[in-house]
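Please work through the following exercises with the sequence and the structure open beside you. Each task is followed by a solution that goes step by step.

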Amino acid sequence: MPIAPAASEFNYPRIVDHPWDHSPITVYIDNKSVPPHYSPTYYTQVQKALNYWAEGGNGKLDYTPVFKIVDSEKADIRIRWVEDLQKEQGVPPRVAGDAIPYIVNGRFIRVDITLGVGFSQWGKWVPYSDTAMLAIAKHELGHALGLDHSNDKQDIMYPTNEQINNTNPILSKYGSLLLFAIYAILAIAVFLSVSYILGRVAK
Ligand SMILES: [Zn+2]
């Protein structure tokens with residue numbers, strides 16, 4: 001007797017089930033006009049991410065994508081890196097990548113993927129590790145293949161995969177401590193000035 005797949009298999013959130021009406025899907029990776037903090041190893045991570053999806057990815061695609069890397073900006077999927085994703089794409093802080101599909105009659109005609117290269121924390125530049133870049137590239141390519149966000153934390157399409165979470169955990173730990181210290185100092189300052197003003201009023 002065949003085992004019925006879990007209900008979530010049918011309900012997996014998709015932007016479009018079959019976004020591309022042709023194969024192979026052409027991909028342009030812009031490693032020429034790159035930002036100052038770009039690492040040449042990021043290109044390899046994008047290649048690995050393409051292989052991940054070509055080999056089945058997270059198992060949520062209804063088709064098997066075939067990619068062809070081309071040296072033309074007229075490609076189906078265009079990937080580029082920018083120094084400051086917040087400034088250039090207007091995304092919320094800590095978002096590491098975005099994918100914008102152009103949809104005509106229920107099909108993608110083009111997808112623009114923009115990837116960040118790191119972020120600034122307490123005045124220090126924190127570059128994305130190759131591991132982080134691979135996760136970001138996989139996630140954004142998932143969108144370019146029609147998948148939407150999953151609410152399964154283990155899934156590559158879970159929204160936090162767009163965010164920085166594995167670059168420098170020690171720094172972020174101290175970061176929140178520092179933030180707490182700043183709030184504490186502010187609270188004390190406010191308390192002191194209020195009591196100073198109240199003290200003067202009382203006099
Ligand atoms: Zn996303």
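The exercises below go from the whole chain to the sheet, then to the helices, and finally to single residues.

The structure is a predicted model, in which local features need pLDDT of at least 70 and side-chain atom pairs count only at pLDDT 80 or more, while totals for chains, interfaces and linings use all residues. Residues are numbered from 1 along each chain as its sequence is written.

**Exercise 1. Determine how many helices and strands there are in the protein, and in which order the elements run.**

Solution. Begin with the elements, which are DSSP runs numbered from the N terminus, helices being H or I of at least four residues and strands E of at least two. The protein has five helices and seven strands. Read from the N terminus, these elements follow the order α-β-α-β-β-α-β-β-β-β-α-α.

**Exercise 2. Describe the order of the strands in the open sheet, and find which strands stand at its edges.**

Solution. First apply the pairing rule, by which two strands pair if DSSP finds at least two bridges between them. Five strands then make up an open sheet with mixed pairing, in the order β2-β1-β3-β5-β4. The edges are taken by β2 (67–69) and β4 (97–104), each of which has a single partner strand, so one side of each is left without a neighbour in the sheet.

**Exercise 3. Work out how α2 and α4 are placed, and whether α2 is parallel or oblique to α4.**

Solution. Contact here requires that the C-beta atoms of two residues, placed from the backbone, lie within 7 Å. Helix α4 (residues 130–144) lies across β3, β4 and β5, and runs at about 10° to β4. Axes are lines fitted to C-alpha atoms, for helices over the stretch in contact, with angles from 0 to 180 degrees between N-to-C directions. The axes of α2 and α4 come within 8 Å and cross at roughly 45°. That makes α2 oblique to α4, because angles under 35 degrees count as roughly parallel, over 145 as roughly antiparallel, 65 to 115 as roughly perpendicular and the rest as oblique. Residues making the contact include Tyr-42, Val-46 and Trp-53 of α2 and Met-133, Leu-134 and Leu-141 of α4.

**Exercise 4. Identify the residue with a positive phi in the hairpin of β6 and β7.**

Solution. Strand β6 (residues 118–121) pairs with strand β7 (residues 124–127) in the antiparallel sense over four bridges, and Ser-120 has Trp-125 in β7 as its bridge partner. Two residues lie between the strands of this hairpin, where Trp-122 takes a positive phi near 50°.
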